[in-house]
Amino acid sequence: MEESKIALCAIFLLILSPSLVYAGDIVHQDDKAPKKPGCDNNFVLVKIPTFIGGMEEMEFVGVGARFGPTLESKEKRANQTRLILADPPDCCSKLKNKVSGEAILVHRGNCSFTAKTNVAEAAGASAILIINYHMALFKMVCEDAEDDIDIHIPAVMLPQDAGTSLEDSIKKNSNVSVQLYSPQRPLVDVAEVFLWLMAVGTILCASYWSAWSAREAAIEQDKFLKDASEEYLNTEANRPGGIVEISTTSAILFVVIASCFLVMLYKLMSYWFIEVLVVLFCIGGVEGLQTCLVALLSCFRWFQHAGESFVKVPFLGAVSHLTLAVSPFCVAFAVLWAVFRRISFAWIGQDILGIALIITVLQIIRVPNLKVGTVLLGCAFFYDIFWVFVSKWWFKESVMIVVARGDHSGEDGIPMLLKIPRMFDPWGGYSIIGFGDIILPGLLVAFALRYDWLAKKNLRAGYFLWAMIAYGLGLLITYVALNLMDGHGQPALLYIVPFTIGTFLTLGKKRGDLKNLWTRGEPERPCPHMEELQQKQQPLQSSQ
């Protein structure tokens, strides 16, 4: 069973490659599209509720043009305007039908966007909706030769399916009206608060479990040394079974392999590939949930006997009766989530499986000292920045964000994320955080608590409290940046790594522990034989 856990951790350290927080863009600041006086708006998403016979039937989403007035942000202030079809449909010449304050629906093509809008405004339209000839949205800009732009009606681009639906509705019904407004996101959504608490709480639980295991192992080691067990001294039993310690080389190699895996995800992103990731996530989630439940139930005396009695299982070896008892529940939970993962509250099951997996990984994989932790987080720092920001220059889009959203797959993102629906956001969607933004800094925070417990430091004199605060502040600043950037995905490690590493290095140097933290990774402990000898010598010295 230990080997299977280690193998699963190795797999999922690769799959945690999407590492960012994200809420979804509503404002697109495009420096490439030309700006000029009268044509300098940001591209904003626009909500278009549609009313047929006075009853709201459907709602579409479009994108506002570079030109024209700014749209209303409040739905209650947005006017409900009748929508009609343009004649001619392309609106490139004077309209034949009578327009008196209505919004008109036109087709893209045959002339510029500003020409269509000028014709519509001259005819008396209050707004123009332009149907794209693709399913995607297109940014409407001004032509290079257009200098004197003075447009006073809003122009909105619609995807092809939305435009076709509106056309059919107008042809079947004489009374079709729309509202146009572009709501703003709240400064802080409750989802971000809960996601922050989930990330911090997960690292907190995993750190205490890891530190408790390390302390138990240290007590066992002292016991063996005190008994002068030759069998123990001749073996490498000085670390708990099933623990993997990362080396400097593997830390660097991890980032290289994770980058290759991320590019593979980006290139192969499709429905079937997401299904493969779902299966892998369920396997890891089952293992993680099972490990956490067995450890939790073993704390109660009613389950201690079941946790300490084992039975041999083919291909798995010795398995405790408690593990066999909880395994069917874990498998059923993961399968139910996989089958019903598209329903509105499936995020709860995804978060439970994800948190259990993260805690298990942080329990099994450890950084042995500050040097390895610094190399790992330093490489991850540049990895995060490159694949969120720099990759746009090569791939024309942010590879990390595309992978996290699951673009081109027909699915609502990859499963290797913690996510919560944005409860008070008019645009809806999810706030998400990648596994890497919890696991990678969590390895260093867990190392801090193990060191504190072995050194017998209290909370204020140790490193764990300050490392935990540094992580929390770094993640908090990530969410501030996320909201300042209107929901555009942020590389969380850009903010978390300087806080956590900086705090560790500063405190270590100030307290004189830096050399020990950097190389040994654990406090110097005297041999139990020397402690006994010193205790025997103290009464003799006092009597003299």
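Trainee: What should I keep in mind before we start?
Mentor: Residues are numbered from 1 along each chain as its sequence is written. The model is predicted, so local features need pLDDT of at least 70 and side-chain atom pairs count only at pLDDT 80 or more, while totals for chains, interfaces and linings use all residues, and side-chain values use heavy atoms, with hydrogens and water left out.

Trainee: What makes E192 and R422 a salt bridge?
Mentor: The rule asks for a side-chain nitrogen of Lys or Arg within 4 Å of a carboxyl oxygen of Asp or Glu. For E192 and R422 the closest N and O atoms are 2.9 Å apart, so the pair meets the rule. E192 sits in helix 4 (residues 190-226), and R422 is in the loop between strand 14 (417-421) and strand 15 (430-434), 230 residues away. Helices here are DSSP runs (H or I, at least four residues), strands likewise (E, at least two), numbered from the N terminus.

Trainee: Are E192 and R422 buried or exposed?
Mentor: Both are buried, meaning under 20% relative accessible area; exposed is over 50%, and partly exposed is in between (1.4 Å probe, protein chains only).

Trainee: Why is E275 called partly exposed?
Mentor: Its relative accessibility is 23%, so E275 falls in the in-between class. R342 comes out at 53%, so that one counts as exposed. The two side chains meet in a salt bridge at 3.6 Å, N to O. E275 is in helix 7 (residues 271-297) and R342 in the loop between helix 9 (321-339) and helix 10 (346-364), so the pair ties together parts 67 residues apart in sequence.

Trainee: How many salt bridges are there by this rule?
Mentor: Seven. Shared partners join E192, R422 and D425 into one network.

Trainee: What makes V331, V335, L336, V339, F340, I343, F345, I348 and I352 a nonpolar patch?
Mentor: Patch residues have over 30% relative accessible area and no salt bridge; nonpolar side chains (Val, Leu, Ile, Met, Phe, Trp, Tyr) are joined within 5 Å, like charges within 9 Å. These residues form such a patch, with about 790 Å² of accessible area together; areas come from the Shrake-Rupley method with a 1.4 Å probe, and for residues only the protein chains shown count as cover.

Trainee: Which elements give two or more residues to the nonpolar patch?
Mentor: Helix 9 and helix 10. Helix 9 gives the largest share, four residues, and L336 is found in helix 9.
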